[in-house]
Amino acid sequence: SDTSHLFGCAPVGGHLTVAHAEGYLTMDETNAESPSSKLHTRLRLWEFPDCYIFEPIDGLADLYLSVSRSSGTMNLVEELPSRGSTTKPKVQTVYGVIGVLKLAVGSYFLVITDRDCVGSYLGHAIFKVTGLKVLPCNNAPNTTSAEKKKMETEFSELLDAAERTIGLHFSYDINLTLSAQRLHDLGHEYNSLPLWRQAEPRFLWNSYLLEPLIENKLNQYLLPVIQGSFQNIQAEVGSEKVNVTLIARRCTRRIGTRMWRRGADAEGYAANFVESEQIMQSKGFTASYVQVRGSMPFLWEQIVDLTYKPTFDIVRQEEAPRVLERHFHDLQKKYGAVLAVDLVNTGGGEGRLRERYSKSIEPILSEDVRYVHFDFHRVCGHIHFERLSQLYEQIKDYLVKHRYFLVNDKGEKIEEQTGTIRTNCIDCLDRTNVTQNMIGRKVLESQLQKIGVLGADDTISKHPAFDTNYKILWANHGDAISIQYSGTPALKGDFVRYGKRTTQGILNDLRNALARYYLNNFVDGTKQDAMDLLQGHYMTSVSRDITVPSKAGLLESYASFRLAFALVLGALMFMMMSLRQARNDVRHLLLSLLWAGLCIGITHFVRTNGRTFTNRPRFHQSRH
């Protein structure tokens, strides 16, 4: 549904313009950029036989960007190539260039073919990428060797996966990688820099892809993109209008899929690390609160092997304290004090991880680094999530002490956030989202009480329309983060969405759990390789070329779960046929036993070699 009118994004003559929403604080309103520094918002893409031409149609420049289809070289030209009567180039509108991927088989341009306006951030329109296209630049003559064709085939599947990347958001006017507090503190001088120079490297999803454009000084094409989510609600609380925005920013340092990126790397970068910022605007005030989630920050993994819940492996245990210290030191530099909330089980495999986490964090515990373990499943079970109030009582003093960010209508800072809460479970999805929702609600109530929208003892739940919208806001936030990491919406989403567990919600959890099993075992390997390719995690030379993935072994080349499943089904069918004939001929009884033995043998072989039969990343190396 078109909700652009709610966010100040109004279509005018085919263009999207931004109207400042009432009560929004525009932090860089005084920063009038020259037309030459503004990013192109609309481009006409011409696909000629020998080149791609990007023609600005937003009135910001007269020069065209020409890209060679054989070498990928880029030049600014003054006019379109001449077109003969037989030349009919394909033409379409694109909304930005995400970047360039340079591989051994050629260069590939990623362009935005479709976008939706999803809201307004501090007065500026925010867009979600809804269409991506890869433009290949590898048509050089005399290079169609068998080796090149083989490499193109190897990468084509990954580039197809790249086109299906979800959760990408951008703005032509404001730095979406930084929180409201950081933008305010850095001031107008910093905000006058080009957007790509302002960007926080951790959250700049296309950092690697922008490099060729930066090298060619194509400043008007350098569009910073984040991966995450952006949701916005507006409601009336009493006589006041309240606008709440929720932004997720996914860190790219250890980006990946659920089972192929766990724990942290040696530098302390955690998997599924996401910064969630909740922004409230009302009565001319702007308030913000930032909290983070991320995998337990030490070396551990959980490699898929066809079992429903693969074992947790703690790798190089002696390095855990050093890796964890690096991670928390980095958090302190960026957020101030840190309270780590650990939601995993006390016993079983999760218990071993909890024990390693609690022991490794002990040396760095201080006034500014705290650790709280809360066994979510034991206390709340699968339906009593209201018992999270027990956790709130443990962290309430920390929230009061470290506050939140608040500025008035003049842009003067009234409150400052001096610490964050870092929440984790195993996936940092389901239990984590329920908990972060509770924290966000408590902080929002405090902010609304501070500016007089709510009374001292008033709560969001006493305003049903606002309460309903707020629950949906956090449910959508959790689903977006979960789909990017695991492939399915978040579990326990019905509690976040409706405030209670429902039968339909429990059935949805079952379906999503089975879907995760399938995706993790048979899809995510290729998806992980595509992510690593786009992030430049496997550069092999100064020229930025990336080599073809490593060759698989003999068993790995032919191992297929589909093949094994078909063989087992076939053997079962023949066994049943033989049993039906056994009453007439005893030899069929022996044959049925033979087919049964084959079923058992294949099943045992597949279980024993489970990892070999999964869809694994070919770039990924286990730490074992």
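The legends below describe close-up views of a predicted model.

**View 1. Confidence along the protein chain of the predicted model**. The average pLDDT of the protein chain is 86, and 88% of the residues reach a score of at least 70. Where pLDDT is low, the predicted coordinates should not be read in detail.

**View 2. Packing of helix α9 against helix α10**. Helix α9, spanning residues 430-450, packs with helix α10, spanning residues 464-486, at an angle of about 140°, and the two axes lie 10 Å apart. The two helices, α9 and α10, are therefore oblique to each other, and the crossing in which α9 passes α10 is right-handed. On the α9 side the contact is made by Asn433, Gln436, Asn437, Gly440, Arg441, Leu444 and Leu448, which meet Phe466, Asp467, Tyr470, Lys471, Trp474, His477 and Gly478 of α10. Sorted by class, the residues of this contact between α9 and α10 comprise 5 nonpolar, 6 polar and 3 charged.

**View 3. Crossing of helix α5 and helix α6**. The axes of helix α5 (residues 320-335) and helix α6 (residues 348-361) cross at roughly 70° and come within 9 Å, which means that α5 is roughly perpendicular to α6. Ala320, Pro321, Leu324 and Phe328 of α5 meet Arg356, Tyr357, Ser360 and Ile361 of α6, and the contact of α5 with α6 has 6 nonpolar residues, together with 1 polar and 1 charged.

Definitions and conventions:
Residues are numbered from 1 along each chain as its sequence is written. This is a predicted model: local features need pLDDT of at least 70, side-chain atom pairs count only at pLDDT 80 or more; totals for chains, interfaces and linings use all residues. Side-chain values use heavy atoms; hydrogens and water are left out. Axes are lines fitted to C-alpha atoms, for helices over the stretch in contact, and angles run from 0 to 180 degrees between N-to-C directions. Helices (H or I, at least four residues) and strands (E, at least two) are DSSP runs, numbered from the N terminus. Angles under 35 degrees count as roughly parallel, over 145 as roughly antiparallel, 65 to 115 as roughly perpendicular and the rest as oblique. A crossing is left-handed if the near helix is turned anticlockwise from the far one by less than a right angle, and right-handed if clockwise. Contact means heavy atoms within 4.5 Å. Ala, Val, Leu, Ile, Met, Phe, Trp, Tyr, Cys and Pro count as nonpolar, Asp, Glu, Lys and Arg as charged, and the others, Gly among them, as polar. pLDDT is the predictor's confidence in each residue, from 0 to 100.
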